[in-house]
Structures are given as structure tokens and as C-alpha cells.
Amino acid sequence: MSPHVHEHGHGHEHGHEHGHEHGHEHGHGHEHGHAHDHSHDLRELGRRRLSIVLAITAAFMVVELIGGILANSLALIADAAHMLSDVASLALAIFALWFSRRPATPRKSFGYLRIEILAALINGATLIALSLLIYWQAWTRLRAPQEVEGGLMLAVAAGGLIVNIIGALLLHGASGHSLNVRGAYLHVLGDLLGSVGAIAAAFVILFTGWMPADPIISAVVATLILYSSFRLVRESVDVLLEATPAHIDLTEVQRSIESIPGVERVYDLHVWTLTSGYVAMSGHVVITDAATQRAVLDAIHQRMHDDYDINHVTVQIEPVALYRIEGTSSG
């Protein structure tokens with residue numbers, strides 16, 4: 001693994017991070033190439049599965065909407081509305097996966113990888129809005145219960161459950177590697193919960209004739225959707241704000257680097273997520289002996305890769321004498 005020294009002025013995190021994307025990748029060609037190929041394979045897997053789920057979801061959405069209108073069931077109509085948002089979100093997710101593969105340019109040195117995060121954020125925000133709409137409709141129906149055709153509601157909801165189980169199984173394997181695919185997966189999971197709720201409400205209506213079961217189940221499902229969508233939005237915003245990933249302790253990373261022989265001090269340290277599965281790190285490392293520069297850089301790269309799965313590492317090495325002359329104003 002060849003080391004890289006990036007020498008820049010202080011207080012330039014973004015210029016320094018963005019300006020060295022390609023140089024670093026070429027310097028660590030084998031390691032980064034392998035990571036890039038793996039990431040590409042995961043994205044392609046996600047795209048294929050999203051396309052299949054999009055097709056079956058769009059087809060059943062029409063069936064569920066018609067069934068909901070004929071049965072006069074808010075639970076079915078709400079689930080059909082959720083499926084409509086699924087169709088839009090799945091299409092958006094597929095577009096994001098395709099668009100994010102566009103090559104980097106001098107003006108966009110990281111390319112369009114974060115399009116996926118924007119898509120996840122939009123999906124999460126859409127789910128929140130949809131949940132609030134279902135709450136309002138459920139409250140309206142609770143105040144004035146309406147007759148619901150339980151038999152038709154049960155049949156349509158059972159069909160929806162089968163479709164959503166298939167969709168959830170297809171997306172589950174790919175959802176752990178991409179916030180974008182995870183956003184679509186949560187949409188489908190919300191639909192699955194909606195179908196379960198609609199089946200439960202249909203049974204209650206069929207056997208007891210208690211019509212409020214329909215809007216109550218709708219509100220319960222909306223609550224579950226709201227919880228998962230808030231988490232998705234929060235994680236997407238964290239990525240866009242370049243927050244330290246939740247699974248990484250920045251203080252621990254600093255201690256780890258400072259424990260490497262020859263390292264005097266680490267400062268201006270940043271760890272952030274560029275897009276799902278792509279974590280980057282940058283920092284200034286003060287060394288006691290310029291002759292150890294290569295060994296220190298090799299050790300930092302190896303430790304970041306092995307201990308934290310960080311493959312994009314940008315380090316500015318500073319001899320301790322130069323650091324003392326310049327002072328610690330940027331630390």
C-alpha cells in the first residue's frame with residue numbers, strides 16, 4: 001500500500017477532501033478498486049431488485065385502490081396510497097442508483113454518489129407526510145364511522161400481504177448496504193404492515209361488525225411508518241451534514257492513530273460518510289521524525305482499513321518542528 005502525503009494549509013477541510021479523491025484512489029488501486037467493484041455489485045443488485053418490486057407493486061396498487069373504494073375501507077385506501085408513494089419512491093430509488101454512477105467531474109469531484117442519500121431523504125419525508133394524512137383520515141372516520149365490506153376487504157388485504165412479503169424479501173438483502181434501497185424497503189415494509197392491519201380489521205368487522213376497527217388499524221400502521229421514516233430522515237440528514245458515522249467513535253480513532261509509533265499528535269480529524277457504505281477520513285498528523293513518514297502513513301491506512309473499514313484516507317503529515325513553529329491555532 002503506497003502512502004500519500006497531502007500538504008495543504010489549515011482550515012481547508014472541504015477543499016482538501018474533495019480535491020484528492022482521484023489521486024488517492026489511484027494510489028491504492030487494488031484496495032480501492034476491490035471496494036469500488038463490491039460497491040458497484042451491491043448497487044446493481046439493489047437496482048435489479050428494486051425494478052422487480054416496482055413492477056409488482058404498481059400492478060397491485062391498482063387492484064388495492066379499486067378494492068378499497070368498492071369495500072369503502074380506509075385501511076385499504078390508505079395502503080393503496082402508501083403503495084402509490086412506493087411506486088414513486090421505487091422509481092426515484094432506481095433513478096438515483098443509475099444517476100449516482102455518472103462519472104466525477106472537476107466541479108463535482110466525488111461525482112453524484114450522494115444522489116442516493118437525497119433520494120432516501122425524500123422517501124423518508126414522503127412517508128412522514130403520508131402518515132399524517134392517514135392520521136387525519138382515521139380521525140375523520142372515527143368521528144363518523146362508515147360501513148365497510150369486510151369480505152372484500154379481507155380478500156384484497158390478503159393479496160396485498162403476499163405481494164408485500166415478496167417485495168420485502170427481495171429488498172431485505174440489499175437494504176443493509178444503501179440508505180436509498182433501505183428507504184424503498186421501509187416503504188414496502190410499511191405496506192406489509194398495512195396489509196396485516198387491514199386483514200386484522202377485516203376479521204374484526206366480519207365477526208363483530210365493529211366499524212371503527214378500520215380507522216384504528218390505519219392509525220396504528222401510520223404510527224409504525226412514522227417511527228421508521230423519522231429514523232431514515234435522521235440518518236440521511238446526518239450523512240448530508242457529514243456527521244461522524246454512528247458506529248465510529250472519533251475520539252477512539254484519534255487515540256488509535258496517536259498510539260502508532262512516531263506519531264506525536266493528531267488534530268483537525270474528520271470522519272464522515274460520503275454515501276452508503278463509503279466512509280472517509282482526513283486529518284493532520286504530527287510526527288517526531290520525518291524519516292518515519294512512510295511507515296506512519298502505511299500504519300494509519302492499514303489501521304483505518306482493518307479497525308474501522310475506512311478505505312478513503314487523506315492525511316497531512318507535519319514534522320513536529322514545523323508544527324511547533326506554526327503553532328496550534330488550527331488544532
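**View 1. The second largest cavity of this predicted model.** The volume of this cavity is about 40 Å³. Its lining includes Arg-141, Pro-145, Gln-146 and Val-148. Met-211, Pro-212, Asp-214 and Pro-215 line the cavity too. By class, five of the lining residues are nonpolar, one is polar and two are charged.

**View 2. The largest cavity.** The structure holds two cavities of 30 Å³ or more. The largest has a volume of about 90 Å³. Ala-75, Ala-78, Asp-79 and His-82 are among its lining residues. Ile-134, Gly-194, Gly-197 and Ala-198 also belong to the lining. So do Ile-217, Ser-218, Val-221 and Ile-225.

**View 3. Helices around the largest cavity.** Helices α4 (74–99), α7 (179–208) and α8 each supply at least two residues of the lining. Seven lining residues of the largest cavity are nonpolar, four are polar and one is charged.

**View 4. Packing of helix α5 against helix α8.** Helix α5 spans residues 115–143, and helix α8 spans residues 213–240. Their axes lie 8 Å apart. The two helices pack at an angle of about 160°. Angles over 145 degrees count as roughly antiparallel, and α5 and α8 are therefore roughly antiparallel to each other.

**View 5. The crossing of α5 and α8 and its contact residues.** The crossing is left-handed. In the contact of α5 with α8, 23 residues are nonpolar. Seven contact residues are polar, and two are charged.

Note on methods
Residues numbered from 1 in each chain as written. Predicted model: local features only at pLDDT ≥ 70, side-chain atom pairs only at ≥ 80, totals over all residues. Heavy atoms only, no water. Axes fitted to C-alpha atoms, helices over the stretch in contact; angles between N-to-C directions. Helix = DSSP H or I, 4+ residues; strand = E, 2+ residues; numbered from the N terminus. Parallel < 35°, antiparallel > 145°, perpendicular 65-115°, else oblique. Left-handed = near helix turned anticlockwise from the far one by under 90°. Nonpolar A, V, L, I, M, F, W, Y, C, P; charged D, E, K, R; others polar. 1 Å grid on protein atoms, 1.4 Å probe; cavity = no way out; pocket = protein on both sides within 12 Å on 5 of 7 lines; lining within 4 Å. Points joined across faces, edges and corners; volume = space filled by probe spheres on them.
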